[in-house]
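The structure under study is shown first.

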Amino acid sequence: MRSIWKGSISFGLVYIPVRLYAATEDKSISFNLLHRRCGSRVRYQRWCPHCRTALEQEDIVRGYAYAPDQYVILEDQDFEDLPVPTARTIQIHNFVELGAIDPVYYERSYYLEPAEGGQRAYTLLREAMHRTERAALAKVAIRARESLACLRVFDDRTLILETMRYPDEIRPTTALAGLQEQVAVEEAELELAIHLIQRLAGPFEPQRYQDQYRLALQERIEARIQGRDVTRAPAGGPVSPPVADLLAALRASLENGAQAAGAAQQLQPTPPP
């Protein structure tokens, strides 16, 4: 796995160097969008309607709209220089019972690995949290956002960080009209429902479950491949989209010529000394 963040856990006066890893991965089957008529892959461009030209990534900046059609532009350095103490630190604020946190607050899960010199302090914090059956509430800045977070023990050996939503990001249930009316249930019905729950009760064994939709979709795709019911993209590679106007066409030609000349120059053998 590749670390996506490196910093430290702030625990009182103790700083524990750690590395952060994504704990989950999406295994959904992905598809490309194709042109039904010829089978070519659909390609999307970043397009400026004012300049009538396609843009590269380096041509794009982030702007905050403070009024209609008026923006404040922020560069990458502006995000990196923010005076936020959690930019490289997981700041623990207090410890709570894990069951006190409703799962609706959880967002994403990350494994925490002790970095060089942090193994002993990491183990100390993990064991103390395990024995007290507590989780830590913390704050951390990841991916240009400061998140509320829960730090807890996972599989008795790993500290896991759960980024959380803030309370104002949880929608109120008062907006659900179907819950406004109070409905009475019969005691016999309630006892029957409880009995059914007890019959189906058991340990949490996630390995018993599979994504049946994904398996069925994989079988259908494999059957199409075996039956040679496949679509081939046309030979010759992707065709460049039409250039908007003559000026843009001339600029594109000049840029392509310059790139070709540069590539040819790099391929020239170096003369012997």
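Does Phe 11 count as buried, partly exposed or exposed? I found Phe 11 to be partly exposed, because its relative accessibility is 29% (buried means under 20% relative accessible area, exposed over 50%, partly exposed in between; 1.4 Å probe, protein chains only).

I note that this is a predicted model, in which local features need pLDDT of at least 70, side-chain atom pairs count only at pLDDT 80 or more, and totals for chains, interfaces and linings use all residues. Residues are numbered from 1 along each chain as its sequence is written, and side-chain values use heavy atoms, without hydrogens and water.

Entry on strands. I looked up strand S1 (residues 5-11), which is joined antiparallel to S2 (residues 14-22) by seven bridges (strands are DSSP runs of E, at least two residues, numbered from the N terminus; two strands pair if DSSP finds at least two bridges between them). Phe 11 stands opposite Val 14 in S2. Two residues lie between the strands of this hairpin, where Gly 12 takes a positive phi near 65 degrees. S2 also pairs antiparallel with S8 (residues 106-114) over five bridges, and there Leu 20 has Leu 112 as its bridge partner.

Entry on aromatic rings. My search of the whole structure returned two aromatic pairs (ring centres within 6.5 Å; planes under 30 degrees apart are stacked, over 60 edge-to-face, the rest tilted). Phe 11 and Phe 95 form an edge-to-face pair, because their centres are 5.9 Å apart and their planes stand at 80 degrees. This pair links S1 to strand S7 (residues 89-97), 84 residues apart in the chain. Phe 95 is partly exposed at 32%.

Key. Helices (H or I, at least four residues) and strands (E, at least two) are DSSP runs, numbered from the N terminus. Rings of Phe, Tyr and Trp (its six-membered ring) pair if their centres lie within 6.5 Å; planes under 30 degrees apart count as stacked, over 60 as edge-to-face and the rest as tilted.
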